[in-house]
Amino acid sequence: MTRDRATWLKGGPAACDVQPPKTQRPWRLVLLGPPGVGKGTHAAVLTERLGACPLSTGDIFRAAKSLPDCERTPAMTAAISYMRRGELVPDETVLALVRERAQCMRCPGGFLLDGFPRTVAQAEALQATLKELGVKLDAVLCYEAPVEVILRQVNGRRICSKCGAVYHLTNRPPKAAGICDVCGGPVIQRDDDRLEVAQTRLDAYEKNAAPLIEYYRKLGLLISLDGSGGTDVVFKRTQTALESRV
Ligand code: AP5
């Protein structure tokens with residue numbers, strides 16, 4: 001199932017074309033884990049099977065990158081250069097973008113926040129926004145995997161520069177080399193997947209993850225999951241953990 005996500009990706013008054021499916025219950029989840037552990041991949045599977053909409057802050061920055069300079073705000077241009085270096089974008093920029101898109105968290109199909117929050121300040125701001133909206137998180141899924149698995153996944157990752165579909169050179173190559181199966185766009189390596197930038201991203205995660213994980217543990221929302229193995233195996237683990245909380 002593909003989602004339009006215009007409201008999330010473009011912000012402002014943009015409205016999604018595709019209505020969410022009717023689900024038995026809307027799941028409202030946060031996905032945590034190091035860069036390359038598979039959050040985006042698992043979000044796609046969870047969207048397919050649970051109906052919740054994937055909301056990635058990284059996707060907002062990548063969508064903005066493809067706009068001409070004159071259509072980007074100065075804050076967005078600065079955010080993109082942080083991203084290129086593998087550093088975290090400052091909290092105030094990220095929070096302003098998420099606030100503009102807060103209505104996505106009222107999506108009747110539920111949501112999967114991927115890559116947000118990344119700091120305790122972002123997590124506290126998210127809790128305040130959700131309270132204003134009158135919605136609650138169901139759980140925070142924290143995926144973990146050995147560093148060698150993560151580096152292999154980051155190194156082999158390729159994405160469609162047009163629609164953002166995620167591939168891997170060996171685990172999940174596109175049917176025709178360099179061409180997206182979904183939209184026919186060019187399949188490329190992300191700027192921030194170059195080895196030295198990927199290491200900076202891993203370091204940023206290491207620095208911020210422990211207090212963030214502790215924050216959600218104290219709220220009773222944290223579910224730690226082994227993110228290694230095939231996507232079906234990881235989905236099964238996730239589903240079992242979620243069902244045990246219903
Ligand atoms: P973002 O886009 O959020 O990147 P990330 O967190 O670094 O996560 P990735 O997209 O790298 O990895 P992933 O876990 O989604 O892995 P994937 O599923 O693709 O952020 C990018 C940048 O934006 C940040 O560095 C920062 O600058 C900025 N930013 C964003 N949000 C921010 C925030 N809130 N605050 C501040 N700054 C922010 O999988 C990786 C590869 O592995 C793929 O090729 C996939 O096919 C393969 N794979 C995945 N799972 C499996 C599996 N189970 N088996 C086999 N292959 C697999």
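## Aromatic rings

Rings of Phe, Tyr and Trp count as a pair if their centres lie within 6.5 Å, and planes over 60 degrees apart make the pair edge-to-face. This report concerns a predicted model, and a search of its whole structure finds 1 aromatic pair. The partners are Y215 and Y216, whose ring centres lie 5.2 Å apart with 80° between the planes. The pair is edge-to-face because its angle of 80° is over 60 degrees.

Both tyrosines can also be described by their accessibility. Y215 has a relative accessible area of 18% and is buried. For Y216 the relative accessibility is 0%, so this residue counts as buried.

## Cysteines and the disulfide count

A disulfide is a covalent bond between the sulfur atoms of two cysteines. In this model the count comes to 0 disulfides. C180 is in no disulfide, because the nearest cysteine sulfur, that of C163, is 3.7 Å away, whereas a disulfide requires sulfur atoms within 2.5 Å. C183 is likewise in no disulfide; here the nearest cysteine sulfur belongs to C160 and is 3.6 Å away.

What are the accessibility classes of C180 and C183? C180 counts as buried, since its relative accessibility is 4%. C183, with a relative accessible area of 31%, is partly exposed.

## The surroundings of C142

C142 is part of strand 4, which covers residues 139-144. Its relative accessibility is 0%, so C142 counts as buried. Leaving aside residues up to four places away in sequence, C142 touches L32, Y205, I213, L222, I223, S224 and L225.

The C-alpha atoms of C142 and D17 are separated by 31 Å, and the two residues are 125 residues apart along the chain.

## The second largest pocket

The second largest pocket holds about 270 Å³ of space. Its lining consists of 17 residues, and those nearest the centre of the pocket are T7, C16, V18, P20 and C107.

How many residues of each class line the second largest pocket? The lining has 11 nonpolar residues, together with 3 polar and 3 charged ones.

## The largest cavity

Rolling a probe the size of a water molecule over the atoms shows where empty space is left. Across the whole structure, the search finds 1 cavity of 30 Å³ or more. The space in the largest cavity amounts to about 40 Å³.

R62, K65, M83, R84, R190, D191 and D192 line the largest cavity. The elements that give two or more residues to this lining are helix 3 (57-65) and helix 4 (74-85). By class, the lining divides into 6 charged residues, 1 nonpolar residue and no polar residues. M83 is the nonpolar member of the lining, because Met counts as nonpolar while Asp, Lys and Arg count as charged.

## A cis peptide bond

Where does P117 lie in the chain? P117 is found in the loop that runs between strand 3 (110-114) and helix 6 (120-133). The peptide bond leading from F116 to P117 is cis, and its omega is near 0°.

Note on methods
Residues numbered from 1 in each chain as written. Predicted model: local features only at pLDDT ≥ 70, side-chain atom pairs only at ≥ 80, totals over all residues. Heavy atoms only, no water. Helix = DSSP H or I, 4+ residues; strand = E, 2+ residues; numbered from the N terminus. Buried < 20%, exposed > 50% of the residue type's maximum accessible area, 1.4 Å probe, protein only. Contact = heavy atoms within 4.5 Å. 1 Å grid on protein atoms, 1.4 Å probe; cavity = no way out; pocket = protein on both sides within 12 Å on 5 of 7 lines; lining within 4 Å. Points joined across faces, edges and corners; volume = space filled by probe spheres on them. Phe/Tyr/Trp six-rings, centres within 6.5 Å; stacked < 30°, edge-to-face > 60°.
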